[in-house]
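This briefing concerns selected features of the structure shown below. The points are grouped by topic.

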Amino acid sequence: MLDFLRQLATNLIPPSLASWQAALWILIFIFIIGNLIFNLAVRNIILSVLAIDEIFKQIRQTLTPPKPDSWQTLIWISIFSWLMSLLPISDITQGFIATCAWCFLIPGIHWFMYEEKLKVFNSEVNVKKGLTVSGIFLGPWITGAMVCILLFSDVPDNRNWVRFICWPPISAIIAATPKFIATGPKWKKPDPAARQDLVILFLSNFLLSCWFQLYFLTQSWLVDYPSLRAQDLSKSAFVVRFQGGETMPSRGVAMLDQAESVVKEQLDGQYWSQVERWLFDLRPQMQQVETIVKGRLTPVAENALWHLDGRVLPRTEYQLRMIASWEGPSANGTGYYLTKSCQITRVTNSRLPIAQTANASTQIARVSCDPVAAPTEGQPDTGT
Amino acid sequence: MFSEVLPLRAILFQVLFLLIAIAIEAFVFHRRLNPDYKTSMQYAASINLFSTFVGWLIFFNSQPFLPPEWRIQLISFIFFERFYSDPLFVSVSPVLISFALAMFFGTFLLKLKGLDFLDYLLEKAPPKKEEVVEPRPRYRSRENQLLRFRSNSRVYTVLVANACSFSAILLLLFFRLVEQTYFPK
C-alpha cells in the first residue's frame with residue numbers, strides 16, 4: 001500500500017513545465033482558488049458545506065432501514081456481501097459470495113419497486129406508480145432481467161440469445177407468483193378470473209420471446225449471408241434498417257480484389273507465351289481462380305451463391321474483365337454483378353541482356369487492375 | 001450491441017394483425033355465443049395469442065430442417081419480400097397456396113382446442129349444445145335444417161371467426177400489395 005502511494009506521488013511530480021502532471025496541478029489549483037473566490041463572493045463556505053451535509057443526511061435517512069424487514073436491509077446486506085466478495089483470493093469463493101450479493105440485491109430491488117411511499121428529500125415518491133405504464137406494472141420485467149443476468153452469467157456472448165429468450169417467461173413467472181400466494185403465506189389456486197389474466201400474461205410473454213428469437217434468427221442469416229446487408233431492404237415487410245444511407249460494400253468487392261491478387265500471382269512476370277496460353281484456356285483457369293479465391297475468403301454459406309467468371313474483351317491485347325455475379329436473393333429478384341478490368345501488357349524483361357529482348361519469348365507480362373466498378377443489376381450475358 | 005437490421009416491421013405487422021383478429025373474433029363470439037363483451041375479448045385474445053405462439057414454434061423448429069433452396073427462398077422472402085429467380089416462382093406458388101390453406105385450418109383447429117382448454121382451465125362447462133326441439137317431420141324444411149346446423153354453434157363460430165379475421169388480414173395485405181405496386185414511393 002505504501003509502495004503504491006509512493007509510486008503515485010512520484011508519478012504526480014511534474015518532470016517539466018509542458019507535461020500532463022503540470023497541467024493537472026494547475027487545473028486543481030485554479031479549481032480550488034476559483035471555488036474559494038466564488039464561495040467567498042457569492043455565499044460563505046460554511047453554508048455550502050452544510051448543504052452537502054443536508055444531502056448526505058437525506059440519503060442516509062432514505063437508506064436507513066425503518067424496520068428490520070425492509071428493502072433497505074436487503075440492499076445493505078448485498079452491498080456488504082459484495083464488499084466481502086472482494087476479499088478472498090480464490091475465484092470460486094469470490095464468485096460464490098458475489099452470487100450471494102446478487103441473491104440479496106434482486107429481492108431488495110424487487111421490494112423497492114413495490115414501495116408506494118418512499119421519502120426522499122422531504123417528498124413522497126410512489127415508485128410503483130412511476131413504474132406502471134398504462135396499467136401494466138413493469139417491475140417484474142426489471143427483476144426478470146436481473147434474474148436472467150444472474151442465471152446466465154456464464155453463458156458466452158455468442159450465445160446471448162439464451163438471456164433474451166428466457167427473459168419474458170421468467171418475468172411472467174415473477175409477475176404471476178403473487179397470484180399463487182395467499183395470506184399466511186400459503187399456496188393457493190388462483191380464481192378463474194385471475195387464471196384468465198395469467199393465460200394472457202404468459203402467452204403474450206411467450207410471443208415476446210418469439211420476437212427475440214426472430215431477431216436472432218435474422219441475425220444468424222445475416223452472418224451466413226453478409227451480402228444481404230449490402231442491399232436495399234426498404235421493400236421488406238419484416239425487417240427494417242436503421243442508421244440508413246450508408247450500405248456495407250458487397251462481398252463481391254472483396255472477392256474481386258482477392259481474384260486480382262491471385263491473377264497477379266499467376267501471370268505477373270511470367271513469360272508472354274505462357275500468359276497467352278493461360279488466357280486461351282480462360283474458362284478452366286477462372287474456375288481454378290474461383291476455387292482459390294473462395295478458399296481464401298472467410299468460409300460462409302453465401303460463398304456458394306457467388307460465381308466468378310472472366311472474359312477477354314475482343315480486339316484488345318489483352319484486357320481481362322473479371323465478373324463476380326451474385327445468384328442469391330436480391331431486391332430486384334434477378335441478382336447483380338460486379339466487374340473489375342485488368343490490363344495485361346507485354347514488357348521486355350529488364351533482367352535479361354539487351355541482345356535477347358528482340359526475341360518474343362523473353363518478353364514478360366505486367367498485370368494492372370482498375371478498382372471494382374459499381375454493381376449492375378441482372379446477370380451477365382453468357383457470351384464470351 | 002444490436003445490429004442495424006431489426007425485424008421491427010414484422011413485429012408491428014404482427015401486433016396490428018393480432019389486434020384486428022382479436023377485435024373481429026371477439027365480436028363474432030359476442031354475437032354468436034353470447035358471453036359478455038369482456039369475456040369474449042379475453043377468449044379471443046387467449047386463443048389468438050396461443051395460435052400465434054404455436055405457429056412461431058412450428059416455424060422456428062422446422063426452419064433448420066428446410067432444404068437449402070427453400071431456406072434461401074425464405075430468406076429472400078423475409079428480406080426482400082419476393083422469391084428469387086422468377087422461373088422458380090412457378091413451383092413456389094402451389095407450395096405457398098398449400099401453406100396458406102394449412103395455416104388456415106391449423107389455426108382453426110388450434111383455436112378450437114385452445115377454447116376447450118381454456119374452458120377446462122377456467123372450470124367453465126362448455127356451453128351445452130342447444131337442444132333443438134325436434135319439430136314435427138312435416139314442418140322440417142330446408143331452412144330449419146340449416147338453422148339446426150348453425151346452432152351446433154361452437155365449431156361453426158370458431159370457423160366463422162377465423163374466416164373473418166383471415167379475410168380482414170388478407171384484405172390489408174392486398175391493400176399493401178396495391179400500394180406497393182401502383183403507388184411506389
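At what angle do helix H1 (residues 8–33) and helix H6 (residues 153–182) of chain B pack? In this predicted model, the angle is about 145°, and the axes of the two helices lie 9 Å apart.

**The contact of H1(B) with H6(B)**

- The crossing in which H1(B) passes H6(B) is right-handed.
- H1(B) contributes B:Phe17, B:Ile20, B:Ala21, B:Ile24, B:Glu25, B:Val28, B:Phe29, B:Arg32 and B:Leu33 to the contact.
- From H6(B), the contact takes in B:Ser153, B:Thr157, B:Val160, B:Ala161, B:Cys164, B:Ser165, B:Ala168 and B:Ile169.
- By residue class, the contact comprises 12 nonpolar, 3 polar and 2 charged residues.

**Chain B overall**

- Chain B contains 6 helices and 1 strand, arranged from the N terminus as β-α-α-α-α-α-α.
- Chain B has 185 residues, of which 21% count as buried.
- Of the contacts in chain B between residues at least 6 apart in sequence, 62% join residues at least 24 apart.

**Helix H10 of chain A**

- Helix H10 (residues 251–267) of chain A has 17 residues and spans 24 Å from first to last C-alpha, close to the expected 24 Å.
- The buried residues of H10(A) include A:Arg251, A:Gly252, A:Met255, A:Leu256, A:Ala259, A:Glu260, A:Val262, A:Val263 and A:Leu267.
- Their cover includes helices H11 (272–280) and H12 (282–296) of chain A, together with strands S8 (306–312), S9 (319–326), S10 (336–347) and S11 (364–369) of chain A.
- After H10(A) comes A:Gly269, which has a positive phi near 85°.

Technical notes: Residues are numbered from 1 along each chain as its sequence is written. Chains are lettered from A and ligands numbered from 1 in the order in which they are written. This is a predicted model: local features need pLDDT of at least 70, side-chain atom pairs count only at pLDDT 80 or more; totals for chains, interfaces and linings use all residues. Helices (H or I, at least four residues) and strands (E, at least two) are DSSP runs, numbered from the N terminus. The expected span of a helix is 1.5 Å times one less than its number of residues. A residue is buried if 20 or more other C-beta atoms lie within 10 Å of its own, exposed if 12 or fewer, and partly exposed in between; C-beta atoms are placed from the backbone. Two residues are in contact if their C-beta atoms, placed from the backbone, lie within 7 Å. Axes are lines fitted to C-alpha atoms, for helices over the stretch in contact, and angles run from 0 to 180 degrees between N-to-C directions. A crossing is left-handed if the near helix is turned anticlockwise from the far one by less than a right angle, and right-handed if clockwise. Ala, Val, Leu, Ile, Met, Phe, Trp, Tyr, Cys and Pro count as nonpolar, Asp, Glu, Lys and Arg as charged, and the others, Gly among them, as polar.
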